[in-house]
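My entries follow the display.

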Amino acid sequence: MGLFTCVARLVVFITSAVLLVVSGVIVGFTIYLFADGTMMDVLQPLDETSLKIIIYAMFAFSILVFFISAFGILAVCCSSECSAKIYIILQFVTVIGFAACCIMMIVKRTTIESDIKTKMDKTFINYQGELNFKDDKDTDTVNMFMFLLDTCGNNGSDGFQNTPWKKNPEDGKTIKSLFGNGKISGSYDFPFLCCKDASSHFTYSKLRSGDVTAETIEANTDQFEFLKTCYQEDNKKNTETIQNVVPDMIKKATLMCILCSAGVAICGMILMASAFILLKSGLPE
């Protein structure tokens, strides 16, 4: 067995083992997100077709990489010409697939970021409130971004004035009843999810389901005092906006996907070359 053959075997085995673990983690995490449903439901109002195509394509190719990596390890152990040929063909499919995903993301990157900004504006217009919003996907999307990313509306706290939350609030969806009558002083000019550290005092699933109401907040000393402080002191609300944070987050995620796709494609080409060396070394049929 020559030096190049030994190196080729080692490259195929180690790289396949690494890709097996990485692709397995990606597939498992993606399945978890799909099974949970909350994230996909919340992002549904954005309806970004190009982004969804890329996500599903990368998920499908990650599954393919998982099985190809497992097959690569077996191919090295079996040392057969037939397994090496099949491995080369499968790796070729993987390289083409991830290269296509990488190219599509590069081409669509600017369009996706611009479309998401426009769709977030349309989503924000329908904002209803920070309580009991599980059946309102637009409100759910806005609240999720504010809660998880420590942001305040699309364009700051002033942007809520033209939403149903301010113009025509529904009973049970806001904490308007806590203002006045000696309860919370100050003006109810922004939802309390704009308050800094709101995620430390409230649970998103309970806000979403309606388990948290103005009455339960008033009865909860910690939550009530937190809101009093937030609305009485100007520096207690988040200054970052969804329109600034989300597109930047999408840009970073897209860049990461581009790098990952390019990396997998390059690894695939290296593995193809290594498998070809093994094939030329005279493997048994």
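Is Val 18 buried or exposed, or something in between? I looked it up: Val 18 is partly exposed, at 46% relative accessible area. I use buried for under 20%, exposed for over 50%, and partly exposed in between (1.4 Å probe, protein chains only).

I note that this is a predicted model, where local features need pLDDT of at least 70, side-chain atom pairs count only at pLDDT 80 or more, and totals for chains, interfaces and linings use all residues. Residues are numbered from 1 along each chain as its sequence is written, and side-chain values use heavy atoms, without hydrogens and water.

I placed Val 18 in helix 1, residues 3–36. Helices here are DSSP runs (H or I, at least four residues), numbered from the N terminus.

Next I checked the salt bridges (a side-chain nitrogen of Lys or Arg within 4 Å of a carboxyl oxygen of Asp or Glu). I count 4 by this rule.

I looked at Asp 189 with Lys 166: their closest N and O atoms are 3.5 Å apart. Asp 189 sits in the loop between helix 6 (164–167) and helix 7 (204–209), Lys 166 in helix 6, 23 residues away. Asp 189 is partly exposed at 34%, and Lys 166 is partly exposed at 31%.

I then found Lys 183 bridged to Glu 218, at 3.7 Å between the closest N and O atoms. Lys 183 is in the loop between helix 6 and helix 7 and Glu 218 in helix 8 (residues 214–219), so this pair ties together parts 35 residues apart in sequence.

My last pair was Lys 228 and Glu 225, 3.8 Å from N to O. Both lie in helix 9 (residues 221–232), 3 residues apart, about one turn of the helix.

Technical notes:
Helix = DSSP H or I, 4+ residues; strand = E, 2+ residues; numbered from the N terminus.
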